[in-house]
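User: I would like to learn how to read strands, cores and helix packing in a model. Could we work through some cases together?
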Amino acid sequence: MEDKNPGFAPQHPPNSPDYPPNYGDNKPNNQNNQSEKPQNSTADAATISIVGLVLAFLLPPIGLILSIIALKRSQGANEAKGIATAGVVIGGIFSLFFLGSVIAFAEIVTKGSSWLDELNTSLSTTTTTTKDTSTLAGVQAMVADKDYFSWEFPRLNCAMTDEEYAADRTKWLNNWLDCLNNSWGTTANQDLAKIGPPALVVVATSQDIVNSQCSRNNNTDASADVTGSFCRADDTIFMYSSIMDKRSPQENLFTLFHEYAHHLQLLQGVNIDSNIFIGFLYSDYPNQRISEDEALELSKTRSELNAECAALAMFKLSGQVDTAGGEAVVRNFAKPISDHPDSARYGSASVRQRISDSVMNSSRLTMQTCNTWKWSDSELRV
Ligand SMILES: [Zn+2]
């Protein structure tokens with residue numbers, strides 16, 4: 001104190017008997033302390049060992065440390081030594097439990113915070129996308145972010161032979177449909193197992209189509225492809241008998257896969273949301289770089305190219321690629337679809353080649369490979 005505050009020094013003359021106040025008593029005390037050390041140490045050890053033992057239960061690490069100190073000081077004093085030893089053992093065991101709990105707690109906190117980080121990231125991503133709904137690109141990005149595009153294509157281990165096709169092609173197609181429902185229901189997204197009912201194959205006569213919900217709704221909710229069509233209102237796949245007659249089993253299987261892709265789109269409302277988002281966009285922000293009709297037409301193109309891409313991916317995983325009919329399907333994929341009134345929706349040769357390359361060269365196929373909502377308008381129109 002005095003060294004740090006020299007101002008006090010003049011108040012205590014060096015010769016004053018009280019200055020420095022403790023010197024006189026300290027010397028004898030120090031000597032006493034030295035002579036009393038063994039006794040004091042033993043008494044301390046007894047006290048510390050008892051406190052250490054109690055704390056071994058309540059605050060194990062501190063109890064352990066105190067018990068170790070007590071053990072060191074308790075030379076010769078058996079009682080203190082015994083208690084200290086007990087404190088060390090109990091404190092040690094309890095400390096291990098204590099340490100384990102701390103680690104477990106830290107892990108929970110860490111995992112919890114990383115989960116929170118993920119939640120925050122996904123929320124901020126959503127917010128960023130939502131902010132962008134004044135542009136067509138922002139609306140497309142919202143569709144492109146759907147879970148649908150993270151689904152992994154399942155392997156379709158359900159080989160059905162050409163002979164079975166020849167015997168009963170309706171049964172053959174229905175078997176493939178069961179295979180699709182089972183494979184997608186267990187391997188893709190848990191939502192798939194919950195959402196039903198599965199699409200139905202109807203090898204259609206013209207009367208079947210007339211009776212469908214889509215026909216009654218003036219066909220506004222149907223996606224008509226060359227050999228088949230998908231009716232969203234009925235969640236129904238139609239296969240056209242007269243066109244199937246002219247095609248190989250594998251070509252017809254490819255069409256089934258294409259229509260099934262529309263069913264998968266329906267499970268997540270991909271096309272419905274795309275159309276709704278575009279509708280809201282043009283009602284709130286009419287001044288876009290292309291007209292609403294053009295935007296809707298491009299959305300249909302994205303939907304058909306996604307279905308074509310998904311169909312090729314399913315075909316690759318169906319075990320049919322190596323059949324004679326299967327090789328032709330893969331080889332002919334890059335040719336543009338010419339016999340369809342809306343053939344532009346199915347892509348040019350270069351667009352189809354790009355899809356074929358990415359599907360056939362991918363070792364792991366997810367719907368992201370077929371995420372045509374990430375493509376620019378010009379990429380769709382090449
Ligand atoms: Zn289609």
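User: Which residue in E4 is the bridge partner of cysteine 231?

Analyst: In E4 the partner of cysteine 231 is threonine 236; strands here are DSSP runs (E, at least two residues), helices are runs of H or I with at least four, and both are numbered from the N terminus. This is a predicted model, in which local features need pLDDT of at least 70 and side-chain atom pairs count only at pLDDT 80 or more, whereas totals for chains, interfaces and linings use all residues. Residues are numbered from 1 along each chain as its sequence is written.

User: How many bridges join E3 to E4, and what lies between the two strands?

Analyst: Two strands pair if DSSP finds at least two bridges between them, and here four bridges join E3 (residues 228-231) to E4 (residues 236-240) in an antiparallel arrangement. The two strands form a hairpin with four residues between them, and aspartate 235 in that turn has a positive phi of about 50°.

User: Are the faces of E3 covered or open?

Analyst: In a regular strand the side chains alternate between the two faces of the sheet. Both faces of E3 are covered, with Gly228 and Phe230 buried on one side and Ser229 and Cys231 buried on the other; buried means 20 or more other C-beta atoms within 10 Å of a residue's own, exposed 12 or fewer, and partly exposed in between, with C-beta atoms placed from the backbone.

User: Which residues touch the most other members of the largest nonpolar core?

Analyst: A nonpolar core is a set of buried Ala, Val, Leu, Ile, Met, Phe, Trp, Tyr and Cys residues joined through C-beta atoms within 7 Å. The largest has 49 residues, of which Leu256, Phe257, Ala310, Ala311 and Ala313 touch the most other members. Helix H13 (292-316) is among the elements that give two or more residues to this core, and H13 gives the most, with nine.

User: Why does cysteine 309 count as buried?

Analyst: Cysteine 309, found in H13, counts as buried because it has 26 C-beta neighbours inside 10 Å.

User: At what angle do H4 and H12 cross?

Analyst: Two packed helices are described by the angle between their axes and the distance between the axes. The axes of H4 and H12 (residues 270-284) come within 10 Å and cross at roughly 155°, where axes are lines fitted to C-alpha atoms over the stretch in contact and angles run from 0 to 180 degrees between N-to-C directions. The helices are therefore roughly antiparallel, a term for angles over 145 degrees.

Definitions and conventions: Parallel < 35°, antiparallel > 145°, perpendicular 65-115°, else oblique.
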